[in-house]
Amino acid sequence: MTQVLLNTLFPIFAGLLLGYIAGRRGTMDNLNVRNLIVLVMSFAIPCALFSTIIGSSRADLLRHIPAALMITLVFCALYLISYIWARRRRGLSLSDASVLALTIGFPNSAAIALPLFRGAYGPEPTVTAALSIVIGSITISPLTLALLEADKHSGGSDISATQILHGFPRALLHPVVWAPLVALVVAFFDLHLPSFVAGTLTTLGSAATGSALVLTGLVVSSQRFRFTGGVAITTLLKLVGQPLFALCMMSLFRMDHNDLQNITVISAIPGGFFGMVFGKGFNATPEIASSGLIGTYLFGWATLALWMLITAKFF
């Protein structure tokens with residue numbers, strides 16, 4: 001198990017470190033990352049998700065419905081808890097609170113889950129890993145974009161549920177949101193794409209893992225880090241609170257061992273970069289979110305390995 005962890009986790013964190021060092025040394029511009037964001041969020045990740053999902057059958061998708069519902073519960077629960085805590089206890093604005101909530105609630109499945117599962121557990125669990133990206137992309141990601149849009153147009157005044165709903169159509173225009181939805185429809189109805197289309201998606205999607213890792217490291221390198229009490233809480237919520245909540249919920253519902261292992265490990269993955277990327281476009285990059293993101297990577301390599309060992313040996 002130790003060798004599996006080393007072989008799986010080292011390349012992932014090496015990619016993150018490469019992006020971080022490149023940003024800190026000035027080898028890559030860590031402030032003007034729009035082109036890299038477009039590459040990752042509009043091309044590589046949507047294509048990778050599409051090609052992974054259309055490789056699943058309707059039976060596979062139906063079999064993963066309990067896992068999908070549990071992932072939705074785990075992501076949305078921590079998102080809601082983080083948002084309320086940020087608004088009421090930390091006094092953050094609506095935009096800043098939504099960015100923090102997405103950073104904590106949505107693990108970096110896009111950069112870590114797929115290569116981690118492929119290396120540690122084999123090809124079958126990659127469906128669950130892909131579903132975790134899909135679920136985060138079609139639930140709390142568009143919600144965050146809608147909140148950012150509504151807050152931007154409100155001029156700092158209170159916003160209504162109607163204003164938030166009006167922001168959803170714009171959120172759905174992002175490829176990382178609509179591409180997995182289309183892929184689910186294609187897979188569920190067993191629609192066959194021409195081989196040259198599938199090949200194109202696979203080729204473009206092959207850039208997802210490496211580019212997402214470098215982008216994450218680059219985004220983190222541009223952020224100021226201060227380890228405050230709020231950052232400590234943020235880090236604990238992500239690395240301990242979310243996987244522990246997932247483990248308790250799945251034990252309560254007596255879910256399959258494979259689902260229990262996969263979803264707990266997904267929940268233990270450090271925070272995702274979607275929140276910071278979305279926030280950059282709305283001038284919403286709260287320090288507690290950026291420092292919390294860095295905190296999850298400083299300690300995440302150890303806690304992720306620990307959760308993998310716990311689920312392998314005791315459940």
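## Rings, helices and a core: worked exercises

Ring pairs link Phe75, Phe106, Phe273, Phe274 and Phe278 into a cluster. Keep in mind that this is a predicted model.

**Exercise 1.** Work out how many aromatic pairs the structure holds, then classify the pair of Phe75 and Phe106 as stacked, tilted or edge-to-face.

*Solution.* 
- Start with the total: there are seven aromatic pairs in the structure.
- Next, the geometry. The ring centres of Phe75 and Phe106 lie 5.6 Å apart, and their planes meet at 45°.
- Now the cut-offs: under 30 degrees is stacked, and over 60 is edge-to-face. The Phe75–Phe106 planes are at 45°, so this pair is tilted.
- Where do the two residues sit? Phe75 belongs to helix 4 (residues 65-88), while Phe106 is in the loop between helix 5 (94-105) and helix 6 (109-120). They're 31 residues apart, so the pair links distant parts of the chain.
- Finally, accessibility: both Phe75 and Phe106 are buried.

**Exercise 2.** Describe how helix 2 and helix 12 pack, and say which kinds of residue make the contact.

*Solution.* 
- Take the axes of helix 2 (residues 34-53) and helix 12 (residues 208-221): they're 9 Å apart, at an angle of about 145°.
- The handedness of this crossing is left-handed.
- List the contact residues. Helix 2 brings Leu36, Ile37, Leu39, Val40, Ala44, Ile45 and Ala48, and helix 12 brings Ala208, Ser211, Ala212, Leu215 and Leu218.
- Sort them: 11 nonpolar, one polar and no charged.

**Exercise 3.** Find which residues have the most contacts inside the largest nonpolar core, then list what Phe274 touches.

*Solution.* 
- The largest nonpolar core has 98 residues.
- Those with the most contacts inside it are Ile45, Ile112, Leu116, Phe273 and Phe274.
- Skip residues up to four places away in sequence, and Phe274 touches Met41, Ile45, Leu102, Phe106, Ala110, Ser137, Ser141 and Val176.

Technical notes
Residues numbered from 1 in each chain as written. Predicted model: local features only at pLDDT ≥ 70, side-chain atom pairs only at ≥ 80, totals over all residues. Heavy atoms only, no water. Axes fitted to C-alpha atoms, helices over the stretch in contact; angles between N-to-C directions. Helix = DSSP H or I, 4+ residues; strand = E, 2+ residues; numbered from the N terminus. Left-handed = near helix turned anticlockwise from the far one by under 90°. Contact = heavy atoms within 4.5 Å. Nonpolar A, V, L, I, M, F, W, Y, C, P; charged D, E, K, R; others polar. Core = buried A, V, L, I, M, F, W, Y, C linked by side-chain atoms within 4.5 Å. Buried < 20%, exposed > 50% of the residue type's maximum accessible area, 1.4 Å probe, protein only. Phe/Tyr/Trp six-rings, centres within 6.5 Å; stacked < 30°, edge-to-face > 60°.
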